[in-house]
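Try each one before you read the solution.

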Amino acid sequence: MNKKDLISALSKNVGLSKKAANDAIDTIITTITKSLKKGEKVTFVGFGTFTVRKRKARKARNPRTQEIIKVPAKKVPVFRPGSELRKSVK
């Protein structure tokens, strides 16, 4: 499923126009992104939790040249599925 499929499903199931469904999905994604940027945790009970984790700086090797490079520390978004989602996928 991609964003277009999700918009169609939301439009059909809720009775919204495709434009309204697109706006709703864009708003949800934007709101989650802004919350994660602030360092906040976003939780949907039963579905899962979005958080931000810090990765430490490390050294890695370029496989082509075998040169050792420094990979800087960074923050990455992480999704942890909730119990209901895990059960439904089994």
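**Exercise 1.** Which residue follows α1, and what is its phi?

Solution. This is a predicted model, in which local features need pLDDT of at least 70, side-chain atom pairs count only at pLDDT 80 or more, and totals for chains, interfaces and linings use all residues. Numbering runs from 1 along each chain as its sequence is written, and side-chain values use heavy atoms, with hydrogens and water left out.

Step 1: go to α1, residues 3–14. Helices (H or I, at least four residues) and strands (E, at least two) are DSSP runs, numbered from the N terminus.
Step 2: move on past α1 and you land on Gly15, with a positive phi near 85°.

**Exercise 2.** Check the span of α1 and look at how the helix starts.

Solution. Step 1: the expected span is 1.5 Å times one less than the number of residues. With its 12 residues, α1 covers 16 Å from first C-alpha to last, close to the expected 16 Å.
Step 1: at the start of α1, find the side-chain oxygen of Asn2 that comes to within 3.1 Å of the backbone nitrogen of Lys4.

**Exercise 3.** Track down the salt bridges, meaning a side-chain nitrogen of Lys or Arg within 4 Å of a carboxyl oxygen of Asp or Glu.

Solution. Some background: side chains of opposite charge can pair when their charged atoms come close.
Step 1: searching the whole structure turns up 2 salt bridges.
Step 2: take Asp26 and Lys3, whose closest N and O atoms are 2.4 Å apart. This pair links distant parts of the chain, with Asp26 in helix α2 (residues 18–37) and Lys3 in helix α1, 23 residues apart.
Step 3: now the accessibility classes (buried is under 20% relative accessible area, exposed over 50%, partly exposed in between, with a 1.4 Å probe and protein chains only). Asp26 is at 27%, so it's partly exposed, and Lys3 at 39% is partly exposed too.
Step 4: turn to Lys19 and Asp23, which meet at 3.3 Å, N to O. Both sit in helix α2, 4 residues apart, or about one turn of the helix. An α-helix has 3.6 residues a turn, so residues three or four places apart point the same way.
Step 5: Lys19 counts as exposed because its relative accessibility is 59%, while Asp23 is partly exposed at 34%.

Key: Polar contact = N/O pair within 3.5 Å; in protein donor to acceptor, adjacent residues only side chain to side chain.
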